[in-house]
Amino acid sequence: MGECIYVYCVTQEPCHLIEQCKLNVDLYSLEHHGLRVVARTVSTDDFAETKFQENVKNTVWLKTWALEHHEVLASFVGVVTFLPFKFATVFHSEKNVLAMLDKHEMAMKERLRKLTGMLEYGVKARVDDDAVKGHVATISPEVRAFDQELAESSPGKAFFLKKKKEIILEHEVQSFFERHMRESMLYLASHAQENTLPACEMADSDGNNGLKAEFLVKQAEKEVFLHEFEARKRALGVCGIHLECTGPWPPYNFADFSVQ
């Protein structure tokens, strides 16, 4: 069994960064060119390339290590500025770690400068289809016109009108959701320094209506951001659109950096 070096993040802060981590993890730091890498020693039985490919198929192993990775980084949020490394970033030796710092020194320092005093928040939205349909049906002139025509139609004609109404209502609901969510997300973005809106999705992995985006917010302005979020949450909630804000998180989506 050999050993390798697992790296969590890089910072320019003093060594007290490591002291913020209250987990039972034996961390240490490697310093080079004013950069400090937070790391630990791990077994090659866990993280050597061939072993790792096998281990990630073990859900218990994966959950344990991924959770530790996140918890170590989360313990530093709001305390110091750092660049998080991706899960399972390992090096064969300290020499390799220092070589990585040599290669990426300027890029790391520039990104750390941009992340100084920042926090990442995530915002998710989901739609209650029935609630939104009910709301849209009361405010859409086109849907209301169909209701009026239905009330005056024969049973045969009403059958086809109902089918057409359902199609129009589905379109109106999607349009309503997209319009109001884009507007809300853009409004929240005006209170953030960076965001992931260009890549945000209008549906979740199961195909349900939803949207998610991340925002990089100045720590000094987080209360303003959260206040505006709550205002949007209340306004959209009565229409059947439910918002959730999570964080602050390690700046996973704004590190804009890879050692590959």
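Q: Are R40 and E68 buried or exposed?
A: Both R40 and E68 are buried, where buried means under 20% relative accessible area, exposed over 50%, and partly exposed in between (1.4 Å probe, protein chains only). This is a predicted model, in which local features need pLDDT of at least 70 and side-chain atom pairs count only at pLDDT 80 or more, while totals for chains, interfaces and linings use all residues. Residues are numbered from 1 along each chain as its sequence is written, and side-chain values use heavy atoms, leaving out hydrogens and water.

Q: What is a salt bridge, and how many does the structure hold?
A: Side chains of opposite charge can pair when their charged atoms come close. The criterion is a side-chain nitrogen of Lys or Arg within 4 Å of a carboxyl oxygen of Asp or Glu. A search of the whole structure finds seven salt bridges. One of them joins R40 to E68, with the closest N and O atoms 2.9 Å apart. Because R40 lies in strand β3 (residues 35–43) and E68 in helix α4 (residues 59–74), this pair ties together parts 28 residues apart in sequence. Helices (H or I, at least four residues) and strands (E, at least two) are DSSP runs, numbered from the N terminus.

Q: Which residues are linked in a network of salt bridges?
A: The network links E110, R113 and K114. R113 and E110 meet at 2.6 Å, N to O, and both lie in helix α5 (residues 94–115), three residues apart, about one turn of the helix. R113 is exposed, at 52% relative accessible area, whereas E110 is partly exposed, at 34%.
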